[in-house]
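Please look over the sequence and the model shown below, and then read the report that follows, which takes up a few selected places one after another.

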Amino acid sequence: MPEPYRHDEPYAQGLLDVGDGQRIHWNTSGDPAGKPAVVVHGGPGSGHNPGSRRYFDPRRYRIVQYDQRGCGRSLPHAADPSTGLEHNTTAHLVADLERLREHLGIDKWLLYGGSWGSTLILAYAEAHPERVSGIVVCGVTMTRPEELEWLYQGVGRFLPGPWEEFRDFLPAADRDGDVFDLLAAYSRQLNSPEESVRRAAARAWATWEDAVISHEVLGKPNAYSDRPSDALMAFTRITAHYFSHRAFLADGQLLSNAGRLAGIPGELIHGRLDLGGPLHTPWQLAKAWPDARLTVIDEAGHTGSPRMAEALLAAVERFA
């Protein structure tokens, strides 16, 4: 297996004012004259992982990482209950990414990311296809209502105990609606004026997320629950906000608009054992986007595997 590249420290970073009282943190590493690439983190609300830049040859890439609104080192932080989320939507994040490209003086860039990051990448690329040189995504999602219904309810058929615990954390009056009623109820708990209620809701949400990936023997145990307290609070609060609003996207929007990706080469890398995000999603996307290649990693789930890491390194190399 090829070794990941060295983990260089950023040579530049800053806070970019994107309006609405929001400032997003960004950094760049690698070669300032190299091929531009931007890493779009998952979540929503996870913040960037510096280790992701190890998939890029720092001698050939100019690597951009940033934190989406309300998380990581961006300000104001969503762990603070006074931080409103009304200006935190998919359209805002697409606009932020374009503003960051302009701020850094980049003409076109490679988009790299996974999970929620793949949804945001697709939304950005369909809005600004002329600014995209290529796309590499893993753990592919389009955050359609059917995908959210599966992740927060349907997959409970395999995990009935943990799913009932996830549901029964909520007050009895909030348990009997559809999955979007459940997500909205969690969002209300995560925005409670009582800190103890917010923190308990964050733990309950993370416990369910951990349960969904618990079958992945190659994954990190408690991958969600082990986050620092404020990072977990921001992640769960922002995620519930987005998902209770169906990611602020029309049903099937990204798949319907996949024709806008024509001419953009793409690499879709997905684990066959991804229980929370079944292979059906990237399969449909690959059929609608002829310039994309789908690679299925048999032993990988949502949290990846050594073979998935190898496939990601090879995909990024392809675009170098």
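## A glutamate in helix H6

Glu-209 sits in helix H6, the helix that covers residues 195–212, in a model that is predicted. With a relative accessible area of 6%, Glu-209 is classed as buried, because the class takes in residues under 20% relative accessible area.

Once residues up to four places away in sequence are set aside, Glu-209 touches Tyr-152 and Tyr-224. Of this pair, Tyr-224 is 15 residues from Glu-209 in sequence, and the C-alpha atoms of Glu-209 and Tyr-224 are 6.7 Å apart in space.

## The annotated active site

The UniProt record, an unreviewed entry, lists Ser-115, Asp-274 and His-302 under "active site". These positions are spread over 188 residues of sequence and yet cluster in space, the largest C-alpha distance among them being 10.8 Å.

Ser-115 is found in strand E5, which is made up of residues 109–115. Its relative accessibility of 23% makes Ser-115 partly exposed, since that class lies between the 20% limit for buried residues and the 50% limit for exposed ones.

Where in the chain does Asp-274 lie? Asp-274 belongs to the loop that runs between strand E7 (266–271) and helix H9 (280–288). Asp-274 is buried, its relative accessible area being 3%.

When residues up to four places away in sequence are not counted, Asp-274 touches Gly-139, Glu-216, Ala-300, Gly-301 and His-302. Within the sequence stretch around Asp-274, a polar atom of the Asp-274 side chain lies 3.4 Å from the backbone nitrogen of Gly-276.

## The enclosed cavity

How many cavities of 30 Å³ or more does the model contain? The count comes to one, and the volume of the largest cavity is about 40 Å³.

Its lining consists of Met-142, Thr-143, Arg-144 and Pro-145, together with Leu-249, Ala-250, Asp-251, Gly-252, Gln-253 and Leu-254. Sorted by class, the residues that line the largest cavity are five nonpolar, three polar and two charged.

Definitions and conventions: Residues numbered from 1 in each chain as written. Predicted model: local features only at pLDDT ≥ 70, side-chain atom pairs only at ≥ 80, totals over all residues. Heavy atoms only, no water. UniProt positions renumbered as here; feature names shortened; annotations may be inferred. Helix = DSSP H or I, 4+ residues; strand = E, 2+ residues; numbered from the N terminus. Buried < 20%, exposed > 50% of the residue type's maximum accessible area, 1.4 Å probe, protein only. Contact = heavy atoms within 4.5 Å. Polar contact = N/O pair within 3.5 Å; in protein donor to acceptor, adjacent residues only side chain to side chain. 1 Å grid on protein atoms, 1.4 Å probe; cavity = no way out; pocket = protein on both sides within 12 Å on 5 of 7 lines; lining within 4 Å. Points joined across faces, edges and corners; volume = space filled by probe spheres on them. Nonpolar A, V, L, I, M, F, W, Y, C, P; charged D, E, K, R; others polar.
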